[in-house]
Amino acid sequence: MVNVCKHCMKQYISAAKGFCCSKCKSIDHMRFEQIKAYLSKYPNSNALQVSEALDIKAYTILRYVEEGTLTFGKGEFEQL
């Protein structure tokens with residue numbers, strides 16, 4: 001299956017649907033861990049608040065939600 005990396009936008013081939021290439025896997029993991037840590041400290045934050053606090057694009061944060069990597073418990077994760 002041909003996929004497109006969400007970070008470098010290059011095409012790569014993998015057996016299953018993927019969201020980032022092997023070169024960008026560490027970047028993806030680091031950003032996710034930053035977001036996860038921030039949300040555990042400030043659980044009612046929306047994408048814009050997380051984006052401003054961590055200097056990560058809100059689009060990137062919302063992609064984690066679309067991928068199913070980042071989920072929400074109570075209420076809704078607000079999209080802008």
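A residue is called buried when its relative accessible area is under 20%, exposed when it is over 50%, and partly exposed in between, using a 1.4 Å probe and protein chains only. What you're looking at is a predicted model, where local features need pLDDT of at least 70, side-chain atom pairs count only at pLDDT 80 or more, and totals for chains, interfaces and linings use all residues. Residues are numbered from 1 along each chain as its sequence is written, and side-chain values use heavy atoms, with hydrogens and water left out.

Now for the parts list. There are 3 helices and 2 strands, and they come in the order β-β-α-α-α along the sequence. Both kinds of element are DSSP runs numbered from the N terminus: helices are H or I with at least four residues, strands are E with at least two. A contact means heavy atoms within 4.5 Å. Of the contacts with a separation of 6 or more, 26% are between residues 24 or more positions apart.

## Helix α3 and its neighbours

Let's zoom in on α3, which covers residues 58-67. Its buried residues are T60, I61, L62, Y64, V65 and E67, and they pack against α1 and α2 (47-54). E67 is buried at a relative accessible area of 16%. Leaving out residues up to four places away in sequence, E67 touches K6 and F19. After the helix comes G68, with a positive phi near 90°.

N46 sits in the loop between α1 and α2, and N46 is buried too, with a relative accessible area of 15%. N46 and I61 are 15 residues apart along the chain, and their C-alpha atoms are separated by 9.6 Å.

## Rings that pair up

A pair of aromatic rings is described by the distance of the centres and the angle of the planes. Here, rings of Phe, Tyr and Trp (its six-membered ring) pair if their centres lie within 6.5 Å; planes under 30 degrees apart are stacked, over 60 edge-to-face, and the rest tilted. How many aromatic pairs does the whole structure hold? The search finds 2. In one, F32 and Y64 have ring centres 5.7 Å apart and planes at 50°, so the pair is tilted. Because F32 lies in helix α1 (residues 25-41) and Y64 in helix α3, this pair ties together parts that are 32 residues apart in sequence. F32 counts as buried at 17% relative accessibility, and Y64 is buried at 0%.

Y38 and Y42 also form a tilted pair, at 4.8 Å centre to centre and 40° between the planes. Y38 counts as buried at 17% relative accessibility, while Y42 is partly exposed at 40%.

Helix α3 gives the largest share of the lining, 3 residues.
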